[in-house]
Amino acid sequence: MKSGIVAVYGRANAGKSTLINSCLGFKLLPVSSKPQTTRDNVRAIYNDEECQIVFTDSPGVFRPHGKLGSILLRDAESAKDGADVIAYVVDAKEVPDFTLAERLRAETAPIIFCFNKVDLVHADIGEERLARYLSVLPKPAAVIRMSCKEGFGVADFLRAVKDLLPEGDLIYPKDMVSDRPKEYVIAEMIREKCLRLLKAEVPHSIYIDMRHVEEEGDRWTIYADIIVEKESEKAIVIGRNGRLISKIRAYSEQSIGSYFSVRAEVDLHVKCIPNWREQDRYLRKFGYE
């Protein structure tokens with residue numbers, strides 16, 4: 001039996017969470033086109049007859065703004081510590097930036113280079129960019145051309161990971177799919193709906209504060225607050241005549257109900273905490289140490 005930890009590393013919006021979801025075969029991690037969709041180092045657990053792969057999804061590397069941004073950048077870099085394998089995910093359609101590739105030169109763990117979104121770039125341009133990355137990277141253990149969203153290359157990626165994992169006992173019980181409790185998963189589902197439905201800078205200020213999950217058989221009632229930083233953002237999240245928050249609620253109920261196989265009812269309230277992303281008190285309260 002093989003088992004080990006795979007750190008999924010790369011810039012914001014490179015497709016890291018999509019890669020992990022594709023490997024799992026279901027959607028565990030939030031995905032959107034907005035930067036900073038992933039805010040935490042989350043472990044997602046893949047099991048089959050051959051192995052257990054513990055994927056560490058981390059915040060995308062970006063230029064930090066303020067205290068929360070600095071914490072997320074620190075967490076993104078620390079996710080590589082102790083990993084058995086590093087999956088370096090790059091967006092093929094983006095102009096190459098070799099900053100992260102150069103940082104990986106100091107790593108001792110084997111690196112799988114995941115050249116993602118190859119379906120969105122002309123083949124000649126993609127191959128030229130790929131060659132430039134390979135000239136900078138330490139020699140990767142494997143190079144996988146991928147389209148995680150379409151499922152292309154995912155099987156090749158899993159095979160490459162399995163080849164590199166050490167022999168070992170299970171790290172987590174086989175029935176676990178994440179190291180986070182259900183309340184965290186629910187909060188991330190709600191936050192994802194906010195990210196998808198809201199525009200401009202509002203999503204970056206949002207935090208979902210879970211208050212309570214009331215379980216009565218297969219009926220769950222979820223009470224949560226959507227935290228924003230400005231009164232103007234509060235009005236945007238609620239929407240005219242409450243239309244937007246009603247959409248967030250409805251889409252959240254669908255996702256939570258489908259994922260947990262329950263009938264979900266979500267009770268949402270919007271609260272304003274001015275400048276919470278810069279206040280140590282709230283950063284600690286919301287788990288950003």
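**Chatting through a predicted fold**

Colleague: At what angle do H1 and H5 pack?
Modeller: In this predicted model, helix H1 (residues 16-24) and helix H5 (residues 154-164) pack at an angle of about 85 degrees, and their axes are 10 Å apart.

Colleague: So what do we call that arrangement of H1 and H5?
Modeller: Angles of 65 to 115 degrees count as roughly perpendicular, so H1 and H5 are roughly perpendicular to each other.

Colleague: Which residues meet there, between H1 and H5?
Modeller: H1 brings Leu19, Ser22 and Cys23, and these meet Val154, Phe157 and Leu158 of H5. Sorted by class, the contact of H1 with H5 has five nonpolar residues, one polar and no charged.

Colleague: Changing topic to the sheet. What is the order of the six strands in the open sheet?
Modeller: The order is E2-E3-E1-E4-E5-E6, and the pairing is mixed. Strand E2 (42-47) and strand E6 (142-145) are the edge strands, each pairing on one side only.

Colleague: And by how many degrees are neighbouring strands turned against each other?
Modeller: On average by 25 degrees, with direction ignored.

Colleague: Let's zoom in on one pair. Do E1 and E4 run parallel or antiparallel?
Modeller: Strand E1 (residues 2-10) and strand E4 (residues 85-91) run parallel, joined by five bridges. If you want a spot to look for on screen, glycine 10 stands opposite valine 89 in E4.

Colleague: Back to the helices for a moment. Which strands does H1 lie across?
Modeller: H1 lies across E1, E2, strand E3 (51-57), E4 and strand E5 (111-116), and runs at about 160 degrees to E3. H5 lies across E1, E2, E3, E4, E5 and E6, running at about 110 degrees to E3.

Colleague: I clicked on glycine 126. Where does it lie, and is it buried or exposed?
Modeller: Glycine 126 is in helix H4 (residues 123-136). Its relative accessible area is 4%; buried means under 20%, so glycine 126 is buried.

Colleague: What about E8 itself: how many of its residues are buried?
Modeller: Eight of the ten residues in strand E8 (residues 219-228) are buried, so to speak mostly covered. E8 is also joined to strand E9 (residues 263-272) by ten bridges, and these two run parallel. There, valine 228 stands opposite cysteine 272 in E9.

Colleague: Another helix pair, then. How do the axes of H7 and H8 cross, at what angle?
Modeller: Helix H7 (residues 231-238) and helix H8 (residues 243-260) cross at roughly 65 degrees, and their axes come within 5 Å. Ile236, Val237 and Ile238 of H7 make the contact with Arg243, Leu244, Ile245 and Ile248 of H8. By class, that is six nonpolar residues, no polar and one charged.

Colleague: Last one, the whole chain. How many helices and strands are there?
Modeller: Nine helices and nine strands. Of the 289 residues, 52% are buried. The chain exposes about 13600 Å², with carbon and sulfur atoms supplying 49% of it.

Terms used
Residues numbered from 1 in each chain as written. Predicted model: local features only at pLDDT ≥ 70, side-chain atom pairs only at ≥ 80, totals over all residues. Heavy atoms only, no water. Axes fitted to C-alpha atoms, helices over the stretch in contact; angles between N-to-C directions. Helix = DSSP H or I, 4+ residues; strand = E, 2+ residues; numbered from the N terminus. Parallel < 35°, antiparallel > 145°, perpendicular 65-115°, else oblique. Contact = heavy atoms within 4.5 Å. Nonpolar A, V, L, I, M, F, W, Y, C, P; charged D, E, K, R; others polar. Pairing = 2+ DSSP bridges. Buried < 20%, exposed > 50% of the residue type's maximum accessible area, 1.4 Å probe, protein only. Areas by Shrake-Rupley, 256 points an atom, 1.4 Å probe, with all protein chains shown as cover.
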